[in-house]
Amino acid sequence: MKALFFLRHYNDIDHITPVIYKWAASGHQCDVILIGSAKFLRDYRILFLQQLSSVRVAHIREVLGWRDFIHWRLQMYMLTGNVRRLPLLGTLARRASERYDQERRSLLWQKTTEIVLNRCFQQMNGGVITFDWVERNSVISVEWIKILIDNAHARGINVISLPHGDSPHVNQLIRRGERKIGPDTVFSNANIFDCLVVPNELCAKRFRPFLDEQKIAVLGSPRFCEEWLTKLAEILPPSPIASSESRLKIVLFLRKANFTTFWEEVAEIVRMIAAFPGTEIIIKPHTRSGWKQSLTKDASIMKLPNVSIADDHAHSAHLMNWADIIIDLATSVVFESVRAKQPVLAADYLIAGRSTIAHYLPETEIRCRDDVYEKIDHFLTQGCDNFYNETHRQQFFDAILDVPDSNVLQRYVTLLEESAIKIKQEESGQ
C-alpha cells in the first residue's frame, strides 16, 4: 500500500515520524513531503526516515519546482492568519487576496495538487494521505487542502488527520484573551478530513463539536509509546550538552508565549533554585516562539553562573537525558520523563491552567514558592528515587498515552491500511 505524509513543522515531525516508521516497517511504501521550512530536511528524524528503503522524502519546493513553489508559497502567505495579523504585510495580503479571488487562486491549487498526486500515486487507484491537525491558525491554507482532498477522493484516496501534539492542560481557558468556555473554533477545520486521529479523550473532546462521532479515532500517543521511545533512543544524535558534576541538574521547559504565564514568579524561582549550592539549570524556550518569552531576555538571569539557555541543537531528549529533574509549565514533552520515572515538578501556580501531569499525578504539583524550595531541598538531600505513586503513573498511561493498550503504533498502521482500501471496497460494492 502507498501513503503520502505531509509534515509541516517540528511538532509534526516529532509526533508523526513514529507512524511513518511503523508504516514502513509493516512493508508499505510512502512519500514524505515537507511543506514548511526546508531546514527540517536536516532534522535527525527526517534523516532517519531517508535511510529507510521504502520511504521517499522531499521538500515541496523539489516536488513543484521553483516557479510553481514560489507562486504556491506566496498564495499561502496571502491567506494565512499569521501574515494577516501583521500591520503592513497583513494589509498587502488582504488586498492581494481580493485581487486574486478564490476562483483565480483555485487554478494554482489545482495545478499543484495534481503535480503532488501524480508524483506520489501515478496511476494508482487508492491509497491514503495524512496531514497533521490543521487548525484555524495553520500557516498552510485550508483552501488548498480542501482542493487536494477533493482531487484525492476522485482518485480513490482517503485523507486522514494525525496528531501533531497532545494536551498538556486539562482545562480550556489557557491563552491570553480566552474568557468563555465552549467549543473552540480553532479546531473547526477537523471536519474536512475523512478521519481525525487523537491520542486520548482529553484531545478528542476538543474536536467532537465539529465532526461526526464516526470520523474520530482515539488510538494512543505515537510519540510517547514505549515502542517509539525505544527506537528514538537508537537514532538520537550525540548530545551537544557538556557533562556536569552538579549535584542536581534541572531543566525548565517553557510554553509558547501566547499562553498566560506568571513570568515574574518564573524568574523568582530560577533565582531561588540557582542559589542552592550544587544546582545547575538549563532553560528550554519553546521551539517556535522562545524569542518572545521575557525570561530569556532577563539580564539578571543570564548572568547567573549556573543558569543557561538551551540552543536549537539541544533536543528535548538530550535535555531530559542530562537532567535529574524537570520543572514544567505544562508541556507534553515531559510525558517522556514520566515514562522514565524522572521526577517532573508541574509548576501549575505559574500558569493560567491545570496541567495534565498534575491532574493525573498530584505528587508532581507545586503550588507556591515554598513547595519549590522544599522539593529542591529534598532532592539535594534525599535524592530523586521513588518520586512517583505507581498507581497514579499507571492511570496516567492508561488515560493519556496507551489508549487502550501499549500496541499504539500498530493501531495507527491498521487505521491507515483500512483507510487505503475503504474507497476501493465502496466502489466495488463490497
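**View A. Gln214 in its loop.** In this predicted model, Gln214 lies in the loop that links helix H9 (201–207) to strand S7 (216–218); helices (H or I, at least four residues) and strands (E, at least two) are DSSP runs, numbered from the N terminus. Gln214 is exposed, its relative accessible area being 65% (buried means under 20%, exposed over 50% and partly exposed in between, with a 1.4 Å probe and protein chains only). From Gln214 to Asp194 the C-alpha to C-alpha distance is 9.6 Å, and the two are 20 residues apart in sequence.

**View B. Strand S2 and its partners.** Of the 6 residues in strand S2 (residues 29–34), 5 are buried. Strand S1 (residues 2–7) runs parallel to S2 and is joined to S2 by 6 bridges, where pairing requires at least two DSSP bridges between two strands. Val32 in S2 has Phe5 opposite. Strand S3 (residues 55–59) also pairs with S2 in the parallel sense, over 5 bridges, and Asp31 stands opposite Arg56 in S3.

**View C. Basis of the model.** Residues are numbered from 1 along each chain as its sequence is written, and side-chain values use heavy atoms, with hydrogens and water left out. The model is predicted: local features need pLDDT of at least 70, side-chain atom pairs count only at pLDDT 80 or more, and totals for chains, interfaces and linings use all residues.
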